[in-house]
Amino acid sequence: MPEIAWLLLTYKVPPEPAARRIAIWRRLKGMGAVYLQNGVCLLPKTDDHVRRLKMLENDVAEAKGECVILETIALDRGQEEKVIARFKADRDDAYEEFIDKCDDFEREVAKEVDANHFTYAELEENDVDLKKLQGWLAKIRKLDFYGASRAAEAEERLKGCEAVLDAYAKRVFEAHEENG
């Protein structure tokens, strides 16, 4: 099996203003970086990640901070597996949070059904919520570099949410045909 190359970023920025430090942290987390410790993180080596880290390096410099970007590989297969496990764990946490939101979505639609509340406004609101779920799962998938274990479950839950909304939409349309 070929060695996996990672980009190792170490950075340090002044504590104030905190907003700048938080913005850097958010950007790195948004790229799917795994923090090994405070100010030290890893990303799989891709052209996109190289480009984005070089841009981040400029932001750190503007914040009067320091930054070093290195290409690295694991010492052995065991170390490589530890790193991959960290990436998978971070994505599984994100999938778990997503699955919880799917539960909330399905409960919300069920509440409307139980209340016989079949309106276009409610359908539109739930459709907006479903689109948010679809976008969120797409973002998680994009950062799932090594195939986290809860990916398939999250996909199935999204399909379930889509089916729940389709069934609700049919009821809304039927209710309006009866009243029309």
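User: I'd like to learn to read this fold. How many bridges join strand E1 to E4, and how do the two strands run?

Analyst: Strand E1 (residues 6-12) is joined to E4 by seven bridges, and the two run antiparallel. Keep in mind that this is a predicted model. In general, strands of a sheet pair through backbone hydrogen bonds, either parallel or antiparallel. For a spot to look at here, find Thr10, which stands opposite Val68 in E4.

User: In which order do the strands form the sheet?

Analyst: Follow E2-E3-E1-E4: these four strands make an open sheet with antiparallel pairing. E2 and strand E4 (66-72) each have a single partner strand, so they stand at the edges and one side of each is left without a neighbour in the sheet. On average, neighbouring strands are turned by 25° against each other, direction ignored.

User: Which helix packs on the sheet, touching E1, E2 and strand E3?

Analyst: That is helix H1 (residues 18-31), whose direction makes about 170° with that of E1; the E3 it touches spans 40-44. Helix H3 (residues 77-114) also lies across E1, E2 and E3, and runs at about 125° to E2.

User: What does the side chain of Glu80 reach?

Analyst: It reaches the backbone nitrogen of Ile4, at 3.3 Å. Leaving aside neighbours within four places in sequence, Glu80 is in contact with Glu3, Ile4, Trp6 and Ala74.

User: And Gln37: buried or exposed?

Analyst: Gln37 has 54% relative accessibility, so this residue counts as exposed. Its place is in strand E2 (residues 34-37).

User: Now the whole protein. What pattern does it follow along the sequence?

Analyst: Read along the chain, the pattern is β-α-β-β-α-β-α-α-α. The radius of gyration is 22 Å, well over the 16 Å that the globule rule gives for 180 residues, so the protein is more spread out than a compact globule. Along the principal axes, the C-alpha atoms fill a box of roughly 65 × 45 × 25 Å.

User: How much of the protein counts as buried?

Analyst: Of the 180 residues, 34% count as buried. The accessible surface comes to about 10900 Å², and 53% of that belongs to carbon and sulfur atoms.

How values were computed: Residues are numbered from 1 along each chain as its sequence is written. This is a predicted model: local features need pLDDT of at least 70, side-chain atom pairs count only at pLDDT 80 or more; totals for chains, interfaces and linings use all residues. Side-chain values use heavy atoms; hydrogens and water are left out. Buried means under 20% relative accessible area, exposed over 50%, partly exposed in between (1.4 Å probe, protein chains only). Two strands pair if DSSP finds at least two bridges between them. Axes are lines fitted to C-alpha atoms, for helices over the stretch in contact, and angles run from 0 to 180 degrees between N-to-C directions. Contact means heavy atoms within 4.5 Å. A polar contact is a pair of N or O atoms within 3.5 Å; within protein, one must be able to donate a hydrogen and the other to accept it, and residues adjacent in sequence count only if both atoms are side-chain atoms. The radius of gyration is taken over C-alpha atoms; the globule rule is 2.2 Å times the number of residues to the power 0.38. Accessible areas come from the Shrake-Rupley method with a 1.4 Å probe; for residues, only the protein chains shown count as cover.
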